[in-house]
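Subject: Structure handover and findings

Hello,

Please look it over before reading the notes below it.

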Amino acid sequence: MIRLLSSDFTKMVLIAIIIAVPFSVWILRGWLDNFAYRIELSWIYFAGAALITLLVAWTTVGLQTLKAVKLNPVNCLRDE
């Protein structure tokens, strides 16, 4: 159950990362050009941010799935 939900959500997060990384590189390069002391943008910064984003998404989906699994369906039907 967790794998089914997380695979769809992972696809959406990966698509968002693919769209966001080039855009953020473009914005950061323009912003960093205004400083006297510059740093080089490394791919490791963006890979780390992508990994943290995926971990947060997986944790959220996992916790919400476990919460739904533990829920008794009889109680939900009784309230409706």
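The notes below go through the helices, the aromatic pairs, the salt bridge and a surface patch. Please keep in mind that this is a predicted model.

Helices

Helix α1 covers residues 2–32, and α2 covers 43–70. For α2 the length can be checked. It has 28 residues, and at 1.5 Å a residue these should span 40 Å; the end C-alpha atoms are 40 Å apart, so the two values agree.

The buried residues in α2 include F46, A50, L54 and A57. V61, G62 and T65 are buried in α2 as well.

On the α1 side, I took I17 as a reference point. I17 lies in helix α1. I17 has a relative accessible area of 17%, and because buried means under 20%, I17 counts as buried. Which residues does I17 touch, leaving aside its neighbours within four places in sequence? The contacts of I17 are A50 and L54, and both of these are among the buried residues of α2.

I17 and S42 are 25 residues apart along the chain, and their C-alpha atoms are separated by 16 Å. Y45 and P22 are 23 residues apart in sequence, with 13 Å between their C-alpha atoms.

Aromatic pairs

The count of aromatic pairs comes to two. One of them is F23 with W26: the ring centres are 6.0 Å apart and the planes are at 40°, so this pair is tilted. F23 and W26 both belong to helix α1 and are three residues apart, about one turn of the helix. F23 is partly exposed, at 49% relative accessibility, whereas W26 is exposed, at 61%.

The other pair is W31 with F35. Here the ring centres are 5.2 Å apart and the planes are at 85°; the cut-off for edge-to-face is over 60 degrees, so the pair is edge-to-face. F35 is partly exposed, with 37% relative accessibility.

Salt bridge

How many salt bridges does a search of the whole structure find? The search finds one. The bridge joins the side chains of R38 and D33, with an N to O distance of 4.0 Å. R38 has a relative accessible area of 51% and is therefore exposed.

Surface patch

I39, W43, I44 and Y45 make a nonpolar surface patch of about 510 Å². I39 is exposed, with a relative accessible area of 52%. Y45 is partly exposed, with a value of 48%.

That covers what I have on this model.

Regards

Conventions:
Residues numbered from 1 in each chain as written. Predicted model: local features only at pLDDT ≥ 70, side-chain atom pairs only at ≥ 80, totals over all residues. Heavy atoms only, no water. Helix = DSSP H or I, 4+ residues; strand = E, 2+ residues; numbered from the N terminus. Buried < 20%, exposed > 50% of the residue type's maximum accessible area, 1.4 Å probe, protein only. Contact = heavy atoms within 4.5 Å. Phe/Tyr/Trp six-rings, centres within 6.5 Å; stacked < 30°, edge-to-face > 60°. Patch = residues over 30% accessible without salt bridge, like charges linked within 9 Å, V, L, I, M, F, W, Y side chains within 5 Å. Areas by Shrake-Rupley, 256 points an atom, 1.4 Å probe, with all protein chains shown as cover. Expected span 1.5 Å × (residues − 1).
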